[in-house]
Amino acid sequence: LLALSIGPDPASGGEAERRHHESAHDGAALALKAAGLEACRRLFDEAARAAAIARINGFHGLDGRIAVFARCSRFNHACAPNAEYGLSEGNAMRVRALRPIAEGEEVCISYLGENGLLSRSARQRILGNRYFFRCHCELCEGPDEFAT
């Protein structure tokens with residue numbers, strides 16, 4: 001429980017008592033302001049984190065908005081993926097295998113879109129800048145066929 005003194009006690013007429021109450025009031029006001037700023041900072045941090053998650057894990061929907069899916073947004077990347085995705089009317093996500101996928105094998109999509117046929121260094125640069133990771137897929141760990 002927090003009790004705040006709003007002003008001088010009318011029963012006391014002393015100057016020292018009035019200054020004491022003003023000091024307590026100013027201190028309480030500063031504490032409330034600091035608490036409010038801290039709450040705003042936490043709210044801003046939460047909103048920024050949610051926006052970053054949506055940007056990194058979301059798909060650009062057909063309506064121009066970012067769509068985050070409970071399962072599909074969790075697919076990992078491979079430069080030579082075994083699955084691809086597409087959106088249909090209403091931003092419904094469809095995923096299909098590009099080749100047979102063995103039992104227990106991870107289903108991966110490419111985050112690169114039309115940039116999939118670039119050199120390893122170009123792919124790594126895009127993935128690092130856009131998604132903040134270095135790819136260690138089979139294609140990136142092998143010889144760079146597209147290097148010049």
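## Strands E4 and E5

Tyr85 stands opposite Val95 in E5, and the two strands concerned, E4 and E5, run antiparallel and are joined by six bridges; strands are taken to pair if DSSP finds at least two bridges between them. Helices (H or I, at least four residues) and strands (E, at least two) are DSSP runs, numbered from the N terminus. The model is a predicted one, in which local features need pLDDT of at least 70 and side-chain atom pairs count only at pLDDT 80 or more, while totals for chains, interfaces and linings use all residues. Residues are numbered from 1 along each chain as its sequence is written, and side-chain values use heavy atoms, with hydrogens and water left out.

The hairpin of E4 and E5 has three residues between the strands, and in it Gly90 takes a positive phi near 80°. Asn91, in the loop between strand E4 (83–88) and strand E5 (92–97), also has a positive phi, of about 60°, although it is not a glycine. Asn91 counts as buried because its relative accessibility is 14%, where buried means under 20% relative accessible area, exposed over 50% and partly exposed in between (1.4 Å probe, protein chains only).

## Helix H2 and the residue after it

Helix H2 spans residues 120–131, and its 12 residues reach 16 Å from the first C-alpha to the last, close to the 16 Å expected at 1.5 Å a residue; the expected span is 1.5 Å times one less than the number of residues. The buried residues in H2 are Ala122, Arg123, Gln124, Ile126, Leu127 and Tyr131.

Ile126 lies in this helix and is buried, with a relative accessible area of 18%. Not counting residues up to four places away in sequence, Ile126 touches Leu112, Asn115, Leu118 and Tyr131, a contact being heavy atoms within 4.5 Å. The C-alpha atoms of Ile126 and Leu112 are separated by 7.9 Å, with the two residues 14 apart along the chain.

Just after H2, Phe132 takes a positive phi of about 65°, although Phe132 is not a glycine. Phe132 is found in the loop between H2 and helix H3 (138–141), and with a relative accessibility of 61% it counts as exposed.

## Aromatic pairs

Rings of Phe, Tyr and Trp (its six-membered ring) pair if their centres lie within 6.5 Å, and planes under 30 degrees apart count as stacked, over 60 as edge-to-face and the rest as tilted. By this rule the count comes to four aromatic pairs. One of them is the tilted pair of Tyr111 and Tyr131, at 4.9 Å centre to centre with 50° between the planes. Tyr111 lies in the loop between strand E6 (108–109) and H2, whereas Tyr131 lies in helix H2, so the pair ties together parts that are 20 residues apart in sequence. Tyr131 counts as buried, at 18% relative accessibility. Ring pairs also link Phe59, Phe69 and Tyr85 into a cluster.

## The nonpolar core

A nonpolar core is a set of buried Ala, Val, Leu, Ile, Met, Phe, Trp, Tyr and Cys residues joined through side-chain atoms within 4.5 Å. The largest such core has 19 residues, and those with the most contacts inside it are Cys79 and Leu127. E6 and H2 each supply at least two residues of this core, and the largest share, three residues, comes from H2.

Leaving aside its neighbours within four places in sequence, Cys79 is in contact with Leu112, Arg123, Leu127, Cys135, Cys137, Leu139 and Cys140.

## Pro81 and Ser110

Pro81 lies in the loop between strand E3 (76–77) and E4, and, leaving aside its neighbours within four places in sequence, Pro81 is in contact with Leu98, Cys108, Ile109 and Ser110. The C-alpha atoms of Pro81 and Glu138 are separated by 9.7 Å, and these residues are 57 apart along the chain.

Ser110 lies in the loop between E6 and H2 and counts as buried, at 16% relative accessibility. Not counting residues up to four places away in sequence, Ser110 touches His77, Ala78, Pro81 and Tyr85. The side chain of Ser110 also reaches the backbone nitrogen of Leu112 at 3.1 Å; a polar contact is a pair of N or O atoms within 3.5 Å, where, within protein, one must be able to donate a hydrogen and the other to accept it, and residues adjacent in sequence count only if both atoms are side-chain atoms.
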